[in-house]
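Here are my notes for anyone opening this structure for the first time. Take a look at it before reading on, then follow the points in order.

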Amino acid sequence: MRKATLEALLSGQFVCPVVAPVEFEDLCDESTQSAVNNWLEPLGMRLARIGTEGAFFMAPDVIGQEEVKRVRKEMQEYRDIYGPAIMAIALIRQCEADHLTLMTGEYIQAGAIETAINANPALESQLNGLGQVIRRFALKNSIRDRVDAVLMHLAEEGFLKLIDRDRSTYRVTGRIEQLWAVIEFIAENEPVAPAQSAELDQEDLNLDGLASGHGDDA
Amino acid sequence: MKAHLSEQVGSMLRVLAQNADLICEGIDGAVLPGDAKRNARIDALVTAGALRSQDQSSFTLNPRLRSFVEDRLGAFQAFRQLTRIDPSIRHVERLWLEMQTLRAERAEEDAQLLETEINVGLADISYDIERNLQVLHANISSEFGNVSSLKAKLRQNAFFLGEVRALTKSIDKLRELADKLLHDALLTGVQSVEVAVRRNVIVHLLSWAQQINDAQNTIAKRLFLAKKLQNRLGTLSRVSLWLRQRQGISSEREFDLDESFNQLLLRPLSFPRLSHVDVKDVEEPVQKALRNIVAELKPREATVEAGSTSPAAQVMAVEAEEPIQDVIEPHEESLLMLLERLSTPGQEVSLLAWKCGDRRLDDTHAEDWLLYAGSQLMGEKIKVSHVISHAQAEGLNEAFVDIVATS
């Protein structure tokens with residue numbers, strides 16, 4: 001087990017191949033997983049993983065009232081905590097609808113988003129709507145600067161990682177799965193418009209008996 | 001006959017080689033006529049059967065030739081159907097029955113021809129299955145790279161899942177045929193068919209079944225993930241729209257949650273770490289590290305850096321650099337001398353006379369001296385007496401003109 005691996009987990013990071021490739025590789029090793037759990041157990045924590053191939057993270061060993069209380073409070077304030085990021089990734093997705101699936105490891109380029117917004121005034125209006133919730137976002141700035149502000153916000157929140165500053169190229173990190181979990185929670189618990197028939201039904205999801213794999217333990 | 005055939009094949013391959021650029025064009029799309037020389041080359045390819053006239057003004061590549069190139073390079077078009085092997089299986093089955101009939105009729109020559117045909121048919125089936133697996137592998141490994149949009153990938157994934165299922169059923173049929181042929185060939189002593197069945201089918205069956213099973217699992221899993229992904233993206237759009245519509249409306253609601261919530265909702269917190277060096281640790285590596293740390297420490301600066309803007313610091317700096325020295329004034333020096341004189345018992349000194357006799361007191365007024373020296377001597381417990389001026393004794397205050405100190 002590498003020192004940096006444990007440090008990354010203890011600092012609350014989602015250890016994925018995009019953010020910490022070496023530590024991720026380390027955690028894929030079963031002996032490291034066991035060693036990490038030996039460290040985390042006395043702290044009341046354990047090593048957890050998103051699905052069977054996703055990011056590793058530190059989770060409470062047992063979910064108690066304290067954790068329930070914390071999640072309840074965070075969900076109560078989800079609009080402030082997650083709202084800006086959800087609206088930002090929805091905009092990015094709309095700009096690159098044909099190619100982008102917002103899965104871990106995908107590349108996002110500010111230039112492509114800027115081009116899409118230039119070609120569609122409705123998208124610019126949506127971009128400007130983020131002005132109230134995104135840091136360093138100023139309506140007087142160029143579209144590119146506003147797009148950069150949105151991407152930087154997502155990077156600061158840990159959902160993207162800047163990999164090329166000159167070209168403003170980012171990669172989606174493993175933490176995006178946490179945002180998906182929040183989005184699903186909102187869709188299930190708020191009076192959001194129901195899914196259209198074109199979307200997937202449960203029967204399709206049960207294809208060939210494959211089971212959902214979110215939040216599986218490492 | 002054989003030599004003639006070889007010559008024809010050689011001639012055909014030469015035409016293909018000489019016009020390879022036009023064949024490459026045909027792979028990408030239609031081949032269009034041009035100048036006379038180009039048209040002559042196109043005619044040569046049409047004659048060789050490599051190009052076919054599509055309409056008056058364009059030519060397309062022979063589909064078999066295209067298929068051969070695709071097989072070789074593993075570059076398959078989107079929604080490329082897998083080769084159906086059911087007709088080939090039925091054909092081989094029919095040939096076998098016909099051969100049995102011919103043998104019963106003792107038409108050995110015709111039976112021999114059919115036997116060869118069966119061997120070729122089995123080899124063809126084997127080739128087609130291998131090719132189908134190649135098509136599947138190419139599509140799966142490139143994640144359906146021949147289409148770009150998620151929806152097209154999803155449709156193609158579903159399409160190939162259907163194709164794989166059909167292929168699985170065909171292989172089951174082939175297994176049944178192979179078992180039957182093997183059994184009958186052993187009974188009737190048709191060794192070449194038995195060998196062909198073993199070589200082309202039996203030895204590959206297990207591998208094919210495994211590969212198809214893997215492909216089916218991968219495709220099904222991807223289809224599941226892709227559908228899940230599509231569902232997710234739809235949810236994202238709906239939730240984002242809902243949030244945008246409610247921007248500016250302040251409302252908080254409490255959700256009814258219990259311990260069974262999705263753990264991803266719980267943001268991982270960080271554990272703060274603070275470590276201290278154990279200076280009592282006598283281990284040599286620790287001590288060495290400590291010595292190194294101390295050696296790297298900068299010496300403490302004695303004075304405040306120049307340019308400091310704090311007035312207090314400036315004062316302190318001045319005090320540190322120029323300590324106040326005790327400067328003895330002339331009247332103090334004179335007083336010290338007087339005290340020394342008075343230290344001898346029985347002495348009586350007029351302070352006015354002392355001032356007149358001491359040049360250090362030239363700049364000091366007689367009145368100031370008398371007041372200063374008189375109070376200082378009284379402080380030293382020396383007896384002083386004031387000499388009153390009788391000329392001014394009528395006033396309210398008695399004025400003195402001198403002080404006499406007596407030790």
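1. Let's start with a sheet in chain A: three strands in the order β3-β5-β4, open, with antiparallel pairing. Strands here are DSSP E runs of at least two residues, helices are H or I runs of at least four, and numbering goes from the N terminus. Two strands pair if DSSP finds at least two bridges between them. At the edges of the chain A sheet sit β3 and β4, each pairing on one side only. On average, neighbouring strands are turned by 35° against each other, direction ignored.

2. A word on what you are looking at. This is a predicted model, in which local features need pLDDT of at least 70 and side-chain atom pairs count only at pLDDT 80 or more, while totals for chains, interfaces and linings use all residues. Residues are numbered from 1 along each chain as its sequence is written, and chains are lettered from A and ligands numbered from 1 in the order in which they are written.

3. Now the pairings in chain A. Three bridges connect β3(A), residues 107-109, with β5(A), and the two run antiparallel; here A:I108 stands opposite A:Y170. On the β4 side, residues 160-164 pair with β5(A) over four bridges, again in the antiparallel sense, and A:L162 has A:Y170 as its bridge partner. β4(A) and β5(A) make a hairpin with four residues between them, and A:S168 in that turn has a positive phi of about 50°.

4. Helix α9(A), residues 143-156, lies across β3, β4 and β5 of chain A and runs at about 120° to β4(A). Angles go from 0 to 180 degrees between N-to-C directions, using axes fitted to C-alpha atoms, for helices over the stretch in contact.

5. For the whole of chain A, count 11 helices and five strands. Of its 218 residues, 35% are buried.

6. Chain B has an open sheet of three strands as well, in the order β3-β5-β4 with antiparallel pairing. Its edge strands are β3 (348-350) and β4 (383-388), each pairing on one side only. The twist averages 25° from one strand to the next. β3(B) is joined to β5(B), residues 400-406, by three bridges, and B:S350 has B:V404 as its bridge partner.

7. How do the chains meet? In all, 44 residues of chain B are in contact with 55 residues of chain A, contact meaning C-beta atoms, placed from the backbone, within 7 Å. Helix α8(B), residues 191-245, gives the largest share of chain B's side, 21 residues. That side divides into 19 nonpolar, 12 polar and 13 charged residues.

Definitions and conventions. Contact = placed C-beta atoms within 7 Å. Nonpolar A, V, L, I, M, F, W, Y, C, P; charged D, E, K, R; others polar. Buried ≥ 20, exposed ≤ 12 C-beta atoms within 10 Å, placed from the backbone.
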